[in-house]
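Please read them with the structure open beside you.

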Amino acid sequence: MPAPAENMKINADRLWQSLSDMARIGPGVAGGNNRQTLTDADAEGRALFQSWCEDAGCSMGLDQMGNMFAMRAGTDPDALPVYVGSHLDTQPTGGKYDGVLGVLGGLELIRSLNDMGIRTRHPIVVTNWTNEEGTRYAPAMLASGVFAGIHTQDWAYDRLDADGKRFGDELARIGWKGDEEVGARKMKAFFELHIEQGPILEAEGKDIGIVTHGQGLWWLQVTLTGKDAHTGSTPMHMRVNAGLGMARITELVHRIAMENQPDAVGAIGHVNVYPNSRNVIPGKAVFTIDFRSPDQAKLDRMKTRLETEAPQIAAELGLQIEIEVAGHFDPVTFDAGCVDALRRAADRLGYSHRDIVSGAGHDACWINRVAPTAMVMCPCVDGLSHNEAEEITRDWAAAGANVLFHAVVETAGIVE
């Protein structure tokens with residue numbers, strides 16, 4: 001299919017203004033955003049996005065998981081649509097660009113096509129996936145996971161937040177539960193634009209990251225059970241300290257990751273210690289281990305080693321231990337044809353670029369199972385994300401959106 005001309009670019013100022021306007025909804029406390037999924041702020045952000053899409057001449061579809069699909073018609077009614085998008089929900093202390101850039105970059109693509117009077121053979125659909133972040137409702141990428149057949153819809157509806165509110169009930173409450181069957185849509189391809197959420201592109205001075213793979217992940221929830229006891233009056237040799245066990249397993253996780261370099265990471269993030277009192281030796285600790293790697297064998301090897309050595313640490317300290325899988329997905333290899341379309345776009349536009357592996361999970365990782373998929377990334381300052389101080393530049397956003405524009409339009413086919 002013919003490629004867009006080199007001088008075809010999105011309106012960078014309009015994209016930047018759209019990002020600023022969306023950031024006003026669900027403001028954080030330190031300059032970022034708190035627009036968690038299925039909150040009133042999420043509903044408000046969705047309504048703004050829908051109004052923009054309708055103003056751009058798109059029709060809006062809504063499925064039973066609340067996924068939004070804004071379609072710009074193609075000239076061939078039988079041609080499969082090219083999809084593009086990401087998510088509008090944020091972390092509780094989230095940034096203004098994580099996910100949002102991918103959705104609004106897709107919208108800007110549509111607006112720019114309208115400005116240029118360009119028609120495509122295939123329809124183009126801009127998507128907002130529900131609950132990518134997984135903060136309020138675990139797991140992450142929940143709705144795209146249902147779309148791709150990873151989770152059942154009933155199971156997703158029954159997820160509970162910290163206040164015991166059901167996902168399905170909250171989706172209906174905010175008014176964004178559609179009638180369309182989840183996963184019924186067929187795609188020619190899916191492209192996702194995202195900030196890197198890491199430091200590589202900025203450090204190397206690259207404009208663009210072409211994502212070839214996504215890391216696989218194991219989340220292992222560990223429960224250590226010892227004995228609550230007074231910190232002042234219990235002799236050291238008579239303690240059964242769950243906190244000490246957690247500390248030693250934390251060191252083990254770090255050691256396992258370091259001994260599997262390169263391309264392996266591991267850490268303990270989520271932690272609860274009980275009774276969490278200043279003068280009580282912890283009798284219980286519950287924490288989650290996060291192992292990631294793009295290498296399936298290495299990923300599984302780290303999990304197996306943890307499951308072998310953590311019980312030995314627990315036994316040495318007289319602790320009981322339970323280890324259960326809290327989340328998992330295999331490493332992802334993105335579609336070679338879609339990846340090449342992104343490379344051609346970056347070359348055509350004169351942007352410096354490098355191949356990169358995504359360290360985070362994204363909706364594209366699930367959609368890759370049902371359609372040819374690829375991702376493009378732009379730098380972010382200091383690699384910082386999931387933080388209100390997250391920052392990108394107007395030019396970085398524009399470069400990513402321009403590469404997205406060229407790859408999507410080339411795939412959708414310009415009608416001469």
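Predicted model: local features only at pLDDT ≥ 70, side-chain atom pairs only at ≥ 80, totals over all residues.

1. As for geometry, the axes of α1 (residues 12-23) and α12 come within 9 Å and cross at roughly 110°, and because angles of 65 to 115 degrees count as roughly perpendicular, α1 is roughly perpendicular to α12. The crossing of these two helices, α1 and α12, is right-handed.

2. The largest nonpolar core has 101 residues, of which Phe49, Met65, Leu101, Leu104, Phe191 and Val403 touch the most other members. Helix α12 (residues 394-412) supplies the largest share of this core, namely twelve residues. A second, separate core is made up of 25 residues, including Met246, Ile289, Leu317 and Leu319.

3. Leaving aside residues up to four places away in sequence, Phe49 touches Met22, Met60, Met68, Leu88, Val103, Leu104, Leu107, Val126 and Asn128.

4. Another helix pair worth checking is α8 (residues 242-258) with α9 (residues 296-316), whose axes come within 10 Å and cross at roughly 150°, so that α8 and α9 are roughly antiparallel to each other. Here too the crossing of α8 and α9 is right-handed. Among the residues of α8 that meet α9 are Ile249, Leu252 and Ile256, and the α9 side includes Met302, Leu306 and Ile313; by class, the contact of α8 with α9 has nine nonpolar, one polar and four charged residues.

How values were computed. Residues numbered from 1 in each chain as written. Heavy atoms only, no water. Core = buried A, V, L, I, M, F, W, Y, C linked by side-chain atoms within 4.5 Å. Buried < 20%, exposed > 50% of the residue type's maximum accessible area, 1.4 Å probe, protein only. Helix = DSSP H or I, 4+ residues; strand = E, 2+ residues; numbered from the N terminus. Contact = heavy atoms within 4.5 Å. Axes fitted to C-alpha atoms, helices over the stretch in contact; angles between N-to-C directions. Parallel < 35°, antiparallel > 145°, perpendicular 65-115°, else oblique. Left-handed = near helix turned anticlockwise from the far one by under 90°. Nonpolar A, V, L, I, M, F, W, Y, C, P; charged D, E, K, R; others polar.
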